[in-house]
Amino acid sequence: MADPLALPAVPPPAPDGHRLRDRMLTLLFAIAIAWPACALVFTWSRTLTRFENRPMAPWPAPALSREFAPAFDRAFSDRFGGRDALVRLHHAGLLGLFGVSSLPNVMRADDGWFYWLGEDGHSLDRHYRQTLPFPQADVDNTVAEFARRRDWLAARGIAYVVMVVPEKFTIYPEHLPAWVAPANPPTPYDRVVEAVAKDGRVTLLDLRPALRAAKTRDRVYYMTDSHWNFNGAIVGYETLMRAVQTALGAKLPAIVPAARPPYTPGVDYYSGDLIQMLGLPGRIREDDVAPLGKVLAEAAHRCAKRTDKDEFPGFEFYACDKPGLPRAVVLRDSMAIPLIPLLSENFSRVVYVSSRALDLAMIEREKPDIVIEELVERNLHAPAAFPIPR
């Protein structure tokens, strides 16, 4: 019988006949450990993350302080080698295995639809579910600021039109998950529209009825992007230009029609910004039923040409040499990108400003016939943060 207290036999020493293998493994381990730091040669100067679409944490100035180490860690974490691959793997794993988005402001919904929840991740809660408040003060301040801008411009003979682009969940709520239930109206959008109408001074275009009617014929928002597609932009353009023509009268006798780009089934695909944020461009895509890329590719055949060379960040200048056209200034956000080639054909000069602030000095300098303010639904209250002088 074996002695139960006996120690097990000592295994023989590892053979030393695999030195090349061991050295290669050691080398690969050293490379793996060093790569995140060595790759800073290529990533040191980056300013935007590839997928999250946010500014990277800046490199801190060397200092003997408690703040230096955590600041350096944040900057290094945004730039270390292999980060993009790991982020992509993490996002793809959560989406593919569990069917959930890895980002708090991107919602995976039904039927291949994705929704943007705003920069703070709460626009759906605030504007659709209404589980977060939209204070009455925000409504009042917004309407008051629209009126101040209108009065200041009217005193100088300049027309003013506001256009609010609805969120995708406002036009396509049917693809939201079943647990997302709308609150009873009025929504913040309803409240602002009603207050502006009651004030009576400002022309505010509510695009919801036109877009809801149009979606019965064509898809008007991207499935994988946070924006409307070119079909939706055409609806907004036609609604806007009818109001502009009413405001300008004889200064704009005709509106340039919007041509729809041809769609080739099986050829035209698109992966939107929400898929880009998830790190899966190309892996998830949709039929691009109104290819904006084809519209932008035909810039040389349009009258309006961009006249600046990106020397003024936040500003774009377009000019069309047809005689007798009016001038315009457009305050815009990213929803206006597909509007630019359409709107620009109707003005001899138009300045697009990526801001909610109305630059009075710029208006005095440009002397436009009309100021158009385009803003997306979740930013309805933003103009009140940039009041013009009373």
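**Entry 1**

Is Ile 31 buried, partly exposed or exposed? I looked this up in a model that is predicted. Ile 31 turned out to be partly exposed, because its relative accessible area is 46%, and buried would require under 20% while exposed would require over 50%. I located Ile 31 in helix α1.

I then asked which residues make the nonpolar surface patch. I listed Leu 25, Leu 27, Leu 28, Ile 31, Trp 35, Val 41 and Phe 42, which together make a patch of about 800 Å². Two helices, α1 (19-38) and α2 (40-43), each supply at least two residues of this patch. Helix α1 gives the most, with five residues.

**Entry 2: Asn 229**

I next turned to Asn 229, which I found in the loop between α9 (208-214) and α10 (230-248). Asn 229 counts as buried because its relative accessible area is 2%, and the cut-off for buried is under 20%.

What does the side chain of Asn 229 reach? I noted the backbone oxygen of Arg 219 at 2.8 Å. I also noted the backbone nitrogen of Gly 232 at 3.0 Å. Setting aside neighbours within four places in sequence, I recorded contacts of Asn 229 with Arg 219, Val 220, Tyr 221, Tyr 222 and Val 289.

**Entry 3: The disulfide**

How many disulfides does a search of the whole structure find? I recorded one. As a reminder to myself, a disulfide is a covalent bond between the sulfur atoms of two cysteines. Here the bond joins Cys 303 to Cys 320, with an S to S distance of 1.9 Å. The link of Cys 303 and Cys 320 is right-handed, with 105° about the S-S bond.

The pair links distant parts of the chain, 17 residues apart. I placed Cys 303 in the loop between α12 (292-296) and β7 (305-306), and Cys 320 in the loop between β8 (315-319) and β9 (327-331). Both Cys 303 and Cys 320 are buried.

**Entry 4: Backbone details**

I looked up where a cis peptide bond occurs and found that it joins Pro 185 and Pro 186, with omega at about 10°. Pro 186 has its place in the loop between α7 (168-171) and α8 (188-199).

I then examined two residues with a positive phi. Asp 111 has a positive phi of about 60°, although it is not a glycine. I found Asp 111 in the loop between β1 (106-108) and β2 (114-116). Asp 111 is exposed, because its relative accessible area is 58% and the cut-off for exposed is over 50%.

Gln 130 has a positive phi of about 55° and is likewise not a glycine. I found Gln 130 in the loop between α5 (123-129) and α6 (136-154). With 25% relative accessibility, Gln 130 counts as partly exposed.

**Entry 5: Salt bridges**

Side chains of opposite charge can pair when their charged atoms come close. How many salt bridges does the count come to? I recorded 25, and I looked at some of them in detail.

Glu 119 forms a salt bridge with Arg 378, and the closest N and O atoms are 3.1 Å apart. Glu 119 lies in the loop between β2 and α5, and Arg 378 lies in the segment after β11 (370-376), so this pair ties together parts that are 259 residues apart in sequence. I noted Glu 119 as exposed, at 55% relative accessibility, whereas Arg 378 counts as buried, at 13%.

Asp 120 forms a salt bridge with Arg 126, where the closest N and O atoms are also 3.1 Å apart. Asp 120 counts as partly exposed at 41% relative accessibility, and Arg 126 counts as buried at 19%.

The side chains of Arg 201 and Asp 151 meet in a salt bridge of 2.7 Å, N to O. Arg 201 lies in the loop between α8 and β4 (203-206) and Asp 151 in helix α6, so the pair ties together parts that are 50 residues apart in sequence. Arg 201 counts as partly exposed, at 38% relative accessibility. Asp 151 counts as partly exposed too, at 30%.

Finally, I asked which residues are linked in a network of salt bridges. I listed Glu 145, Arg 148, Arg 149, Asp 333, Arg 356 and Glu 373.

Note on methods: Residues are numbered from 1 along each chain as its sequence is written. This is a predicted model: local features need pLDDT of at least 70, side-chain atom pairs count only at pLDDT 80 or more; totals for chains, interfaces and linings use all residues. Side-chain values use heavy atoms; hydrogens and water are left out. Helices (H or I, at least four residues) and strands (E, at least two) are DSSP runs, numbered from the N terminus. Buried means under 20% relative accessible area, exposed over 50%, partly exposed in between (1.4 Å probe, protein chains only). A polar contact is a pair of N or O atoms within 3.5 Å; within protein, one must be able to donate a hydrogen and the other to accept it, and residues adjacent in sequence count only if both atoms are side-chain atoms. Contact means heavy atoms within 4.5 Å. Patches are made of residues with over 30% relative accessible area and no salt bridge: like charges are joined within 9 Å, nonpolar side chains (Val, Leu, Ile, Met, Phe, Trp, Tyr) within 5 Å. Accessible areas come from the Shrake-Rupley method with a 1.4 Å probe; for residues, only the protein chains shown count as cover. A salt bridge is a side-chain nitrogen of Lys or Arg within 4 Å of a carboxyl oxygen of Asp or Glu. A disulfide is a pair of cysteine sulfur atoms within 2.5 Å.
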